[in-house]
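Have the model in view and follow along.

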Amino acid sequence: MKFFIDTANVEEIRSAYDMGIICGCTTNPSLIAKEGRDYVETLKEIASFLDGPISGEVKADTVKAEDMILEGREIASLSPNMVVKIPMTEEGLKAVKVLSKEGIKTNVTLIFSATQAVLAARAGATYVSPFLGRLDDISSDGLILIQDIMDIFSVYPEIETEVICASVRHPVHVIECAKTGADIATVPFKVLKQMIHHPLTDIGIEKFKEDYRKVFS
Ligand code: E4P
């Protein structure tokens, strides 16, 4: 499983990238708004050092396919690594079809059913992003969705669309997604840190120091 970071915070992206644990990044209008910075400038700054796929979403109030296509082309022109993130709607699918025919990579977001994932793949999506945590939030098992999509995609080898497990809330989500064989998990910085740290590692480091000091100090 590959990891993307799910944030628009450049410091967090840089930090995870420097550790060698991520190879891409996903943003959305909420994450961009949280940083309070210019959208295009933020995406450009990320693209200045991250040499992997960077998802930039069409604006929250863009609903017509024609507008998504225009905005998608602008996002794609920022860097060869840009991926245009498009919501799973009828208009969104039309935009995905046009953009993918132009060679522009797309990430269909807000996927909450396997049928949505299959249709997005057929429209030409490079990635689909099923939202795990938001399903869990409403007492529906998000992991079943990931497993269903993986099962269906594996029956049809001609589907090249990669699955990005999104709305990841904790390390157990990551483990469970990895077991399904999903291609990518996009993980918030906080969860990446939770995945790195273990109390027994910290205790082990202290014990090594203590034992060493006892003899060599
Ligand atoms: C995915 O690309 C989305 O940006 C993200 O995973 C949404 O996560 P949330 O449900 O925690 O907002």
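Helix α4 passes helix α5 in a right-handed crossing. You can find α4 at residues 65–77 and α5 at residues 90–101 of this predicted model. Their axes come within 8 Å and cross at roughly 45°. An angle between 35 and 65 degrees is neither roughly parallel nor roughly perpendicular, so α4 and α5 are oblique to each other. On the α4 side, the contact is made by Ala 65, Met 68, Ile 69 and Gly 72. Helix α5 brings Glu 91, Gly 92, Lys 94, Ala 95, Val 98 and Leu 99 to that contact. By class, the residues where α4 meets α5 divide into six nonpolar, two polar and two charged.

Look for Ala 114, Ala 117 and Val 118 in α6, which meet Leu 145, Asp 148, Ile 149 and Ile 152 in α8. The contact of α6 with α8 has six nonpolar residues, no polar ones and one charged.

Helix α8, residues 142–155, has another partner to show you: helix α9, residues 171–180. How do the axes of α8 and α9 cross? They come within 9 Å and cross at roughly 20°. Angles under 35 degrees count as roughly parallel, and α8 and α9 are therefore roughly parallel to each other. Here too the crossing is right-handed, with α8 passing α9. From α8, the residues making the contact are Leu 143, Ile 146, Gln 147 and Met 150, and from α9 they are Glu 176, Cys 177 and Thr 180. Sorted by class, that contact has four nonpolar, two polar and one charged residues.

Next, turn to the ligand. Which residues surround the ligand? They are Asp 6, Thr 26, Asn 28, Thr 109, Ser 129, Phe 131, Gly 133, Arg 134, Ala 166, Ser 167 and Thr 186. This shell divides into two nonpolar, seven polar and two charged residues.

Finally, a word on confidence. The chain averages a pLDDT of 97, and 100% of the residues score at least 70. For the complex, the predictor gives an ipTM of 0.97 and a pTM of 0.96. Where pLDDT is low, predicted coordinates should not be read in detail.

Technical notes. Residues numbered from 1 in each chain as written. Predicted model: local features only at pLDDT ≥ 70, side-chain atom pairs only at ≥ 80, totals over all residues. Near = placed C-beta within 6 Å. Nonpolar A, V, L, I, M, F, W, Y, C, P; charged D, E, K, R; others polar. Axes fitted to C-alpha atoms, helices over the stretch in contact; angles between N-to-C directions. Helix = DSSP H or I, 4+ residues; strand = E, 2+ residues; numbered from the N terminus. Parallel < 35°, antiparallel > 145°, perpendicular 65-115°, else oblique. Left-handed = near helix turned anticlockwise from the far one by under 90°. Contact = placed C-beta atoms within 7 Å. pLDDT = per-residue confidence, 0-100.
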